[in-house]
Amino acid sequence: MNENLEQARPKRRRRWLRWLLAMPLLFVVASVVQVATLRFVDPAFSAFMVSRQLEAFGEGDWGFRIAYDWRDLDEMSSNVPLAMIASEDQNFAEHFGFDLKAIEKARKNNARGRKVRGGSTISQQTAKNLFLWSGRSYVRKGIEAWYTLLIEALWPKHRIIEVYANIAEFGDGVYGAQAAARTFYRKDADRLTASEAARMAAVLPSPRRYSISRPGPYVQRRSQAIQRQMRSIGGAGYLERIE
């Protein structure tokens, strides 16, 4: 009996070792299939939506519901993607997923103790919101970088901004431009004006801290700045560069 057990232990160890070695390859294959599929299939939910719903249940808020209503990019006002690009990622059309100049600028400012917005691109934000969890661990950042590269490699730019405009959180539990337009403006996303879209973009990436419906001084100033930036990058003509 003891001899059989001694013979079985190395076999079990080799089996576990094979699984451990196979797991990275399985993750790579699964993530490539996942991202490739979502180029053509609209996501029914995002990781952040699931996390927020579970958070509500954990707090005993059983009546909490996510507001999410997908709209294709051509069913939104062009002001929506333009405002998001002007606000968060003006080099969106040129970079490969990472804006190295913005990252370096943010690093230098943070080193000087200045509180500035980070250097995350829309591609990175899409990867994080769609597939991952919130946090600042090196593991999460590494997985985010991998998904960002996959998204840039497998999706055209217009698909990236389309998905981001649909999964970004604009208020507590309010995800995507259509749900935000209905919740805060009582209209559909295809009717949003430049000022309304700019106000929506102004609350990113802190939609629980800032309000679209009750904009404080910061959101008002930020909205005005975003509208100027929308004109500065070329207005709706900018979107032709990501077709």
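Guide: The protein chain has 10 helices and 3 strands. The model is predicted, so local features need pLDDT of at least 70 and side-chain atom pairs count only at pLDDT 80 or more, while totals for chains, interfaces and linings use all residues. Residues are numbered from 1 along each chain as its sequence is written, and side-chain values use heavy atoms, with hydrogens and water left out.

Visitor: What makes a stretch a helix or a strand here?

Guide: Helices (H or I, at least four residues) and strands (E, at least two) are DSSP runs, numbered from the N terminus. In the protein chain the elements run α-α-β-α-α-α-α-α-β-β-α-α-α from the N terminus on.

Visitor: Which strands make up the open sheet, and in what order?

Guide: The open sheet has 3 strands in the order S1-S3-S2, with mixed pairing. Strand S1 (67-68) and S2 stand at the edges with a single partner strand each, so one side of each is left without a neighbour in the sheet.

Visitor: Why is the link between Arg52 and Asp172 called a salt bridge?

Guide: A salt bridge is a side-chain nitrogen of Lys or Arg within 4 Å of a carboxyl oxygen of Asp or Glu. The closest N and O atoms of Arg52 and Asp172 are 2.7 Å apart, so the pair qualifies.

Visitor: What makes Asp188 and Arg182 a salt bridge?

Guide: Their N to O distance is 3.8 Å, so the pair is within the limit of 4 Å. Another salt bridge joins the side chains of Glu152 and Lys157, at 2.9 Å, N to O.

Visitor: Which residues of helix H8 are buried, and what do they pack against?

Guide: In helix H8 (residues 177-185), Ala177, Gln178, Ala179, Ala180, Ala181 and Tyr185 are buried. The buried residues of H8 pack against S1, helix H3 (79-88), helix H7 (157-167), S2, S3 and helix H9 (194-202).

Visitor: What makes a set of residues a nonpolar core?

Guide: Such a core is a set of buried Ala, Val, Leu, Ile, Met, Phe, Trp, Tyr and Cys residues joined through side-chain atoms within 4.5 Å. The largest one holds 55 residues, of which Met84, Ile85, Ile161 and Phe170 touch the most other members. Leaving aside neighbours within four places in sequence, Met84 has contacts (heavy atoms within 4.5 Å) that include Ile122, Ile161, Phe170 and Leu204.

Visitor: Why is the link between Gln34 and Tyr147 called a polar contact?

Guide: A polar contact is a pair of N or O atoms within 3.5 Å; within protein, one must be able to donate a hydrogen and the other to accept it, and residues adjacent in sequence count only if both atoms are side-chain atoms. The side chains of Gln34 and Tyr147 are joined at 2.6 Å, so the distance is within the limit of 3.5 Å. Gln34 is in helix H1 (residues 2-38) and is partly exposed, with a relative accessible area of 33%.

Visitor: Where is Ser77, and which residues is Ser77 in contact with?

Guide: Ser77 is found in the loop between S1 and H3. Ser77 is buried, with a relative accessible area of 9%. Leaving aside neighbours within four places in sequence, Ser77 is in contact with Ala189, Asp190 and Leu192.

Key. Buried means under 20% relative accessible area, exposed over 50%, partly exposed in between (1.4 Å probe, protein chains only). Two strands pair if DSSP finds at least two bridges between them.
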